[in-house]
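This report describes selected local features of a single model. The sequence and the structure are shown first.

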Amino acid sequence: MNIFGSLLAQPAKPPQAKKQRRGIEIKSAREIEIMRQAAKIVATTLKEISQLVKPGMTTADLDAYAEKRIREMGATPSFKGYHDFPASICACINNEVVHGIPSPRKVIRAGDVLKVDTGAYYQGFHGDSCITIPVVEVTPEAAKLIHAAEAALYKGIEQVKAGAYLLDIAGAIQDCVESYGFCVVEEFTGHGVGRNLHEEPSVFNFRTRDMPNVKLRSGMTLAIEPILNAGSKFTRTLADKWTAVTVDNSLSAQFEHTVLVTDRGYEILTDRSKV
């Protein structure tokens with residue numbers, strides 16, 4: 001399901017239950033402050049998960065922890081129940097790309113490439129972020145892929161400022177990914193975020209004429225999230241109708257931040273270094 005109608009790619013989250021056609025929202029100072037709090041809850045949860053994850057845990061363990069912490073901080077999990085998604089995080093291991101459903105049968109092992117994506121809904125607004133965690137010691141290829149995914153995220157974010165364009169972000173991400181010898185997964189995109197977990201615009205990670213090249217304005221809030229594969233860029237969806245995996249069993253990595261557009265540049269609302 002593509003919440004943005006005829007656009008090529010899909011948001012890298014469970015799809016929106018209802019299409020949003022209200023255009024791109026500009027947040028007020030009060031709304032931005034609420035979003036800072038929602039984003040801080042997400043950043044805190046992901047930072048804590050990155051510190052506690054270890055071999056032998058299950059992705060269900062991480063999901064339970066995330067839900068507990070999000071609720072303790074006064075928010076509710078954005079993902080749980082969203083278009084019937086059953087969990088508070090998306091947890092993907094190795095060749096799993098996005099939308100992995102946590103399970104007590106999915107055991108985390110040393111050497112795994114673990115993606116954890118979560119959101120928090122606080123006083124009417126969402127924060128949204130994803131990290132990729134190398135579990136203990138990963139292979140050199142896996143380490144390079146993880147590094148490239150994070151580097152691509154920040155290269156994209158560096159383009160953000162009022163007056164810039166969405167394709168500035170997309171081009172910077174694509175160039176960075178390809179410089180490492182990897183490929184962008186084109187089936188999933190970033191998105192606007194705020195009152196709804198998914199809002200316009202789509203934030204592509206590669207150059208395309210299929211994306212309206214929107215000019216950025218101060219007060220926009222974007223979820224920027226490059227997804228990289230070590231092999232083929234194509235994915236397939238498993239029988240659970242959620243989990244997307246690489247078609248060639250290659251590794252996948254992803255990073256995401258909720259970012260505020262400002263007159264001078266940007267503010268990373270889900271910055272884990274500040275929690």
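What covers the buried residues of H2? In this predicted model, the cover includes helix H1 (29–52) together with strands E2 (76–77), E3 (89–93) and E5 (113–122). The buried residues of H2 are Thr-59, Leu-62, Asp-63, Ala-66, Glu-67, Arg-69 and Ile-70.

Helix H2 comprises 14 residues (59–72), and at 1.5 Å a residue these should span 20 Å; the end C-alpha atoms are 20 Å apart, which agrees with that expectation. Just after H2, Gly-74 adopts a positive phi of about 90°.

## The three-stranded sheet

An open sheet is formed by three strands in the order E4-E13-E12, with antiparallel pairing.

The antiparallel pairing of E12 with strand E13 (residues 244–246) extends over three bridges. Arg-236 has Val-245 in E13 as its bridge partner.

## Aromatic pairs

The count of aromatic pairs comes to two. For Phe-85 and Trp-242, the ring centres are 5.0 Å apart and the planes stand at 80°; the pair is therefore edge-to-face, a class that requires planes over 60 degrees apart.

This pair links distant parts of the chain, 157 residues apart: Phe-85 lies in the loop between E2 and E3, and Trp-242 in the loop between E12 and E13. Both Phe-85 and Trp-242 are buried.

Notes:
Residues are numbered from 1 along each chain as its sequence is written. This is a predicted model: local features need pLDDT of at least 70, side-chain atom pairs count only at pLDDT 80 or more; totals for chains, interfaces and linings use all residues. Side-chain values use heavy atoms; hydrogens and water are left out. Helices (H or I, at least four residues) and strands (E, at least two) are DSSP runs, numbered from the N terminus. The expected span of a helix is 1.5 Å times one less than its number of residues. Buried means under 20% relative accessible area, exposed over 50%, partly exposed in between (1.4 Å probe, protein chains only). Contact means heavy atoms within 4.5 Å. Two strands pair if DSSP finds at least two bridges between them. Rings of Phe, Tyr and Trp (its six-membered ring) pair if their centres lie within 6.5 Å; planes under 30 degrees apart count as stacked, over 60 as edge-to-face and the rest as tilted.
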